[in-house]
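The entries follow the order in which I went through it.

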Amino acid sequence: MLLVRTARSKALDEILSYTYPRLHTGSCWYISFYAFDPARGEMRRKRIKINSVGTAAQKRRYATQVCNRLSTQLESGWNPWVEAEADNCYKLFEDALSHYRRHITKLLNDGVHRQTTHHCYMSFAGMLEKWNTRKTPIRYVYQFDRTFCVRFLDYVYLERKSSPSTRNNALAFLRSFSTFLVQHLYLKDRPTAGLQNLRKAVVQKQRTGIAPEDMKRLHDWLQANNRPFLLVCYFLHYLLIRPREIAKLRLADISVAKQTVYIDASISKNKKSANVTIPVQILELMIDLGYFSAPSSFYIFSEGFRPGAEYCSERDYRDYWKNVVAPALHFPIEYKFYSLKDSGITAMLRAGLDALSVKEQARHSSLQITDAYTPREVKKANPALRNYRGDL
């Protein structure tokens with residue numbers, strides 16, 4: 001008789017399929033319901049804890065919304081055991097975003113993310129959070145879906161009138177956030193799947209090399225008005241060191257005897273240590289400005305682009321270029337601070353320096369990258385092949 005009752009019980013469970021969710025209060029607040037688990041052949045209880053959701057009134061409102069959604073899903077045939085739902089999908093969206101911020105900050109501290117990546121993602125996280133309060137806000141993680149992502153991208157690109165590049169960066173952030181939500185069991189699938197960047201043909205860098213006559217005007221103006229910033233420009237133009245790396249260099253990294261500056265892997269973009277050659281004119285300017293009188297532990301470019309104990313971001317270089325230098329010299333918008341590096345590589349190749357030496361100075365990963373900067377008029381036939389004759 002026991003076997004007969006068990007068989008009947010299992011058959012009844014399969015027919016019933018589920019029970020409606022309800023709220024349980026007390027020391028632990030949670031929502032529970034039963035659903036038939038085909039793998040076990042019996043009804044199985046599902047619990048969703050909601051202790052972290054504010055006050056008792058807020059918990060009840062939250063529970064009502066969740067129970068209604070779950071009831072609709074169960075009635076439509078959804079089964080939590082057949083199609084596993086992410087465990088944390090009913091968590092508050094703001095809590096998940098805070099968790100994400102802590103996660104990417106740890107990635108930065110562990111050297112997995114670069115400072116620029118971290119700054120970009122944190123900025124978009126703040127923008128997303130603020131935008132979510134302006135529109136019809138979402139409160140729970142399960143509401144972070146494809147529609148929400150598309151609306152945010154439209155806000156960035158259309159309402160804020162941002163560039164295609166900024167819109168693509170916003171999508172990169174959403175992809176990072178979506179991946180985080182999936183990996184940490186907030187969501188089952190990434191809402192950004194299928195969303196595309198704007199075509200690269202549309203996203204063109206508004207940056208060109210600086211003409212030689214404008215380089216001369218730049219030198220003369222900085223020589224008269226801001227010699228420390230002229231030195232910063234030298235580091236970018238002659239040493240081909242990236243602005244973020246320049247900001248982290250210390251006086252101890254410079255060897256006057258060897259005429260080199262050491263770029264440690266910890267500050268290098270490619271995570272590789274290297275020595276870069278310093279032309280004499282740069283050392284002479286540093287000596288003339290009294291840079292080597294400061295302690296060797298000082299950053300080379302701190303406040304006012306002079307040696308100091310305080311780290312100053314590379315944003316100071318771009319801001320000074322954009323707000324002071326470019327207006328003073330009436331430079332076109334295509335002349336960016338980083339154009340100094342592009343122009344430096346091109347000038348070296350035009351002056352006859354071999355591509356390998358330029359590659360090593362620029363710390364390019366391949367000669368192909370260096371060759372992309374070579375002007376057409378500089379490219380010549382290989383002398384060794386001019387009179388070559390093979391066996392054919």
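**Ground rules.** I noted that this is a predicted model, in which local features need pLDDT of at least 70 and side-chain atom pairs count only at pLDDT 80 or more, while totals for chains, interfaces and linings use all residues. Residues are numbered from 1 along each chain as its sequence is written, and side-chain values use heavy atoms, with hydrogens and water left out.

**Whole chain.** I found 14 helices and six strands in the protein chain, where helices (H or I, at least four residues) and strands (E, at least two) are DSSP runs numbered from the N terminus. Of its 392 residues, 41% are buried, a word I use for under 20% relative accessible area, with exposed meaning over 50% and partly exposed in between (1.4 Å probe, protein chains only). I also looked at contacts, meaning heavy atoms within 4.5 Å: among those with a separation of 6 or more, 59% are between residues 24 or more positions apart.

**Helix 7.** I then turned to helix 7, whose 14 residues (212-225) reach 20 Å from the first C-alpha to the last, close to the 20 Å expected at 1.5 Å a residue; the expected span is 1.5 Å times one less than the number of residues. Which residues of helix 7 are buried? I listed Asp214, Met215, Leu218, Trp221 and Leu222, and they lie on the same side of helix 7 because they cover an arc of only 130° around the axis, taken from the directions from the helix axis to the C-beta atoms. The buried residues pack against helix 8 (227-237), helix 11 (315-329) and helix 12 (339-350), whereas the face turned away from the buried side carries the exposed residues Pro212, Glu213 and Ala224.

**Ile210.** In the loop between helix 6 (164-183) and helix 7 I looked up Ile210, which counts as buried because its relative accessibility is 7%. Leaving out residues up to four places away in sequence, Ile210 touches Met215, Trp321, Tyr335, Lys336, Ser339, Leu340 and Ser343. I noted too that Ile210 and Phe337 are 127 residues apart in sequence but 9.8 Å apart in space, C-alpha to C-alpha.

My last entry is an open sheet of three strands in the order 4-5-6, with antiparallel pairing, where two strands pair if DSSP finds at least two bridges between them. Strand 4 (254-255) and strand 6 (274-277) are the edge strands, each pairing on one side only. Two bridges join strand 4 to strand 5 (residues 260-263), and Ser255 has Thr260 in strand 5 as its bridge partner.
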